[in-house]
Amino acid sequence: MGSLSQLCHSLRNKSKMACKSCSNKVTMACSSPKKIVLVTGASGLTGQFAFKKLKERSDKLVVRGLVRSEASKKKLGGGSEIYIGDVLKPESLEPAMKGVDALIILTSAIPKTKPGSYPANISGGRAEDLIDGSFQGAIPEFYFEEGQYPEQVDWIGQKNQVDAAKAAGVKHIVLVSTMGYGDANHPLNSLGNGNILAWKRKAKEYLAKSGVPYTILRAGGLDNKQGGKRQLLIGKNDELLPTEKGYIAREDVAEACVQAVQLDEVKFKAFDLGSMPEGTGAPTKDFKALFAPVTTCF
């Protein structure tokens, strides 16, 4: 871990020097009128929020989305800015990556509820559509569809995205991961026997060593409540996870991603993201101030 920390600190310093050099030169190469941002997993619950929020900032940002099917493309409006590709097929990522300035990775293996498991009325549905951080009751059994296990999607698929982004000259990658790496017995690892946290950690390490400026956002337990209503919190080492502060709205995660691609200060940094319970604290508006205390690289 020490060598990885040293590496990201070195890369961060080089990035700062490059930015300073750029700011001292008034050239077209150093200032682009609009930043092109690609969201992968754009048809997922968090991905849809990120795609929409980027589109709403069309004065500063140009959004692209990557989805797996025509049906998912139609879900986002079917526009030409939405590309179809498979993260397990690197060549299919190239058209979407061409000319991109920043990449937001929101792909993840999604378990489905096992038919016949309790509660019966949600059998067969995607876990993210049915169960969030506020779910109460007996947790049903889960499974992953063939070819969509965490090893494939959260490790190989994310590795492919990092490689494609690097080859395309992408200048910033924001990876949304999750808290819980410090607990080998975390319940997420048992979902569908996917060991998902281990594969997410491997992808996170690969990105940190890639040399591409990155921001790793480790979200707490996700819920589907309205965003913009809570005070967001930055943490590290899962310190927020055992508490009521270890939950966050998907919409707030999406907003944090959109803010991160616009801030050089969060490059080569990683942090946990949770929130105060709704009704306590002031809703977060200043994300630059929120991210300012972050010093950890991994």
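In helix α9, residues R250, E251, D252, V253, A254, E255, A256, C257, V258, Q259 and A260 are buried, where buried means under 20% relative accessible area, exposed over 50% and partly exposed in between (1.4 Å probe, protein chains only). Helix α9 spans residues 250-260 and is mostly covered, with 11 of its 11 residues buried. The model is predicted, so local features need pLDDT of at least 70 and side-chain atom pairs count only at pLDDT 80 or more, while totals for chains, interfaces and linings use all residues. Residues are numbered from 1 along each chain as its sequence is written, and side-chain values use heavy atoms, with hydrogens and water left out.

**Packing of α2 and α9**

- Helix α2 (residues 45-56) packs with α9 at an angle of about 45°, and the two axes are 8 Å apart; axes are lines fitted to C-alpha atoms, for helices over the stretch in contact, and angles run from 0 to 180 degrees between N-to-C directions.
- The angle therefore makes α2 oblique to α9 (under 35 degrees counts as roughly parallel, over 145 as roughly antiparallel, 65 to 115 as roughly perpendicular and the rest as oblique).
- The crossing of the two helices is right-handed, a term for a near helix turned clockwise from the far one by less than a right angle, with anticlockwise being left-handed.
- From α2, residues L45, T46, F49, A50, K53 and L54 make the contact, and from α9, residues R250, E251, V253, A254, E255 and V258; contact means heavy atoms within 4.5 Å.
- By class, this contact has 7 nonpolar, 1 polar and 4 charged residues (Ala, Val, Leu, Ile, Met, Phe, Trp, Tyr, Cys and Pro count as nonpolar, Asp, Glu, Lys and Arg as charged, and the others, Gly among them, as polar).

**Loop residues**

- S43 lies in the loop between β1 (35-40) and α2, and S43 is buried, with a relative accessible area of 14%.
- Not counting residues up to four places away in sequence, S43 touches Q48, V67, S72, K75 and L76.
- N224 lies in the loop between β9 (221-223) and β10 (232-235) and is partly exposed, at a relative accessible area of 38%.
- N224 and R250 are 26 residues apart in sequence, and their C-alpha atoms are 6.0 Å apart in space.

**The chain as a whole**

- The chain has 10 helices and 12 strands; helices (H or I, at least four residues) and strands (E, at least two) are DSSP runs, numbered from the N terminus.
- Of the 298 residues in the chain, 49% are buried.
- Among contacts between residues at least 6 apart in sequence, 76% join residues at least 24 apart.
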